[in-house]
Amino acid sequence: MGNCWGSPVGNHSSPSATKPSTPVDDDDNNNNTAAAAAEVVVGGGSAAASEEKEKEKVEVEVGGSRKAVNVTPNLKVFTYSELKRATRNFRPDTVLGEGGFGRVFKGWVDEKTYAPSRIGVGLAIAVKKSNPDIPQGLQQWQSEVKFLGKFSHPNLVKLLGYCWEDDQLLLIYEYMQKGSLESHLFKRGLEPLPWEARLNIAIGAAQGLAFLHTTEKQVIYRDFKASNILLDGDFNAKLSDFGLAKLGPINGNSHVTTRIIGTYGYAAPEYIATGHLYVESDVYGFGVVLLELLTGLRVLDMNRPKGEHNLIEWARPFLPDKRKLNKIMDPGLQNRYPLKAAFQAAELILQCLESDPKSRPSMEEVLETLQQVNAIKMKPKGSKAGAKHTATATQRHQQDRHPLVSSHRYGHDRSLLHHQRYGRNGGGQGGARSPLTRPRG
Ligand SMILES: Nc1ncnc2c1ncn2[C@@H]1O[C@H](COP(=O)(O)OP(=O)(O)OP(=O)(O)O)[C@@H](O)[C@H]1O
Ligand SMILES: [Mg+2]
C-alpha cells in the first residue's frame, strides 16, 4: 500500500455501522484519487444483507466489447473483537506477511454472516492491521475501503469489509491461498513456477489492469509490482493494494500531475522525473513484472554484482535477440518454454518499457499479445524439432551459466526484504517502496 500522502487527516471519528464515511484529501490536493471520487457508501450489514441491496453497474470495455460490471457498494463493518476472535487474538502464527501498512493475519469467519469461526471452518480471510506508527495509515485505509470496495472483478482481490475502532484500522480481504507472486518468484524453498503458470499470472494481472484502465472513470493503479499480485489456489492472479490508485486524466488531458510516490524499480521514468502520471505509467510497471517473470530476478537487487543491480538496464540488450534471450531466462524454468513465445514476451517487455509513455501499448493490446503468446505451445516431446530444442537448450545451460547465476535467488528471503528497503526502512532489495519525492517547480 502507499506509504506517503499529503497532509494528515485529523478530527476523524470511528464510523458507526450505518454512517457513510467521507472522502479524505488527496495526496496532491486535487481531490482526484480514485478513493475520493468513488462515492461509496460504506455502510454496515452482513454479507447476506448487503446481497439484498441494489448493485450498481459500471460500464467497462475489455477485449473490444463493452459490458456492465457489478460494483458492490456495501462492505461489512467488523468489530475489533470479532477480528480478534477470527485470528485467535492476532496470534503470531497466523501472520501471512507484512508490508508498508502493517501485518497481515489469516483468520476464519462464517461464510454467510462473516461471524468469527473456528480454524478451518467457513471462509478463510486475510486481515490487514495497520501499524499505528505509520502516519499515512488512515489515508491508505480509506483509499482502499472507498476504492476497492467499489469494484468487483475476478482479477482484483475482493475486499470483504473493514474495521475502525479507536486507533485500530483494519481491512478484511478474501484469503489468497498461494500468497504473492513476489514470494513465488523470489523466495527460497518454493518450487519455481512453470512457464504456463507465469503466463497465466501475467494474463490475469493484465486483465485486472485493463479493467481499471477502461472503467468509465479511468483508474491508474500506480503500484503495480510482484508483491501486489496475489494468487489464489489455482495460481490465478488478483491485484491487491489500492492505496495509491488514482483517477485517470479527464477533459482530454494525457496525464495527471501528482506527488511522486510508488516503488523504485517499478515506477515509470516520466513519473519519477516530472510527477506526470499516465495510464501508460502502469504499462511500464507491467513490463517490469513481465521481465521478472521471465528472468526470475528482482528488478532491483543490490546484492547482485556491480552493473547488474538494475535488471532492466542489464537485461535490455538480451531481449531483442533470440539467440541471447535464453541466457537471461530463469533457470528455474528448466528450458521448458517455447522459445518463440519467450521471444514474443521479450518484445512485449521492450514495448512496455519504452521511455515515451505514448509509445507503450495499451493494457488491452498487452493482453491481446499475451493471449497470442499463450497460444504458442511447446512442441511435443519426441518430435524432431522439440527434441532438438530440448537437447540444445540443455547443453546450453550446461555450458553457459545464467549471467546472473552467481546472485540468482541470492538474498531473496522475504524477511530480509522488509528490513532492507530503500527510503522508509533503509536500502536493500529490489522494487523497494519510497515516496520518490523530489522538489517540483
Ligand atoms: N488477501 C491476502 N491473502 C493472502 N495473503 C495476503 C493477502 N494480502 C496480503 N497477503 C500477504 O501479506 C503480505 C504483505 O502484504 P502487503 O500488501 O501488506 O505488503 P507488500 O505488498 O509486501 O508491500 P507494500 O506495503 O509495499 O504493498 C503479502 O506479500 C502476502 O504474502
Ligand atoms: Mg501489497
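Predicted model: local features only at pLDDT ≥ 70, side-chain atom pairs only at ≥ 80, totals over all residues.
K129 sits in strand 6, which covers residues 123-130; strands here are DSSP runs of E with at least two residues, helices are runs of H or I with at least four residues, and both are numbered from the N terminus.

Why start with K129? UniProt, in an unreviewed entry, places the feature "binding site" at K129. UniProt positions are given in the numbering used here, feature names are shortened, and annotations may be inferred rather than shown by experiment.

Is K129 buried or exposed? K129 counts as buried because it has 22 C-beta neighbours inside 10 Å. The rule is that a residue is buried if 20 or more other C-beta atoms lie within 10 Å of its own, exposed if 12 or fewer, and partly exposed in between, with C-beta atoms placed from the backbone. Setting aside neighbours within four places in sequence, K129 is in contact with F90, G102, R103, F105 and L170. Being in contact takes two C-beta atoms, placed from the backbone, that lie within 7 Å.

Strand 6 also leads us to the ligand: strand 4 (95-98) and strand 6 each supply at least two residues of the shell around ligand 1. A residue is near a molecule if its C-beta atom, placed from the backbone, lies within 6 Å of it. In total, 23 residues surround ligand 1, and the closest are G97, G99, G100, A126 and M176. Which element gives the largest share of that shell? That's strand 4, with three residues.

What kinds of residues make up the shell around ligand 1? They divide into 10 nonpolar, nine polar and four charged. For that sorting, Ala, Val, Leu, Ile, Met, Phe, Trp, Tyr, Cys and Pro count as nonpolar, Asp, Glu, Lys and Arg as charged, and the others, Gly among them, as polar. Ligand 1 lies between domain 1 (41-174) and domain 2 (181-437), because both give residues to its shell. Those domain bounds come from an automatic or database domain assignment.

Now step back to the whole chain. The protein chain has 14 helices and 16 strands, and 44% of its 441 residues count as buried. Of the contacts between residues at least 6 apart in sequence, 67% join residues at least 24 apart.

A couple of pairs show what that looks like. S143 is in helix 4 (residues 137-148), and it is buried because 29 other C-beta atoms lie within 10 Å. S143 and L244 are 101 residues apart along the chain, yet their C-alpha atoms are separated by 7.6 Å. Q168 belongs to strand 8 and is partly exposed, with 14 other C-beta atoms within 10 Å. Not counting residues up to four places away in sequence, Q168 touches Y80 and C163; Q168 and Y80 are 88 residues apart along the chain, with 7.8 Å between their C-alpha atoms.

The loops have something to show as well. D166 is in the loop between strand 7 (159-165) and strand 8 (168-174), and its phi is near 50°, a positive value in a residue other than glycine. R222, in the loop between strand 9 (219-220) and strand 10 (229-231), also has a positive phi, near 70°.

Finally, how confident is the predictor? The mean pLDDT of the protein chain is 76, and 70% of its residues reach 70 or more; pLDDT is the predictor's confidence in each residue, from 0 to 100. Over residues 2-26 the pLDDT is below 50, and this stretch has 58 contacts in the model beyond near neighbours in sequence. Residues 384-434 also have pLDDT below 50, with 95 contacts beyond near neighbours in sequence.

Key:
Residues numbered from 1 in each chain as written. Chains lettered and ligands numbered in written order.
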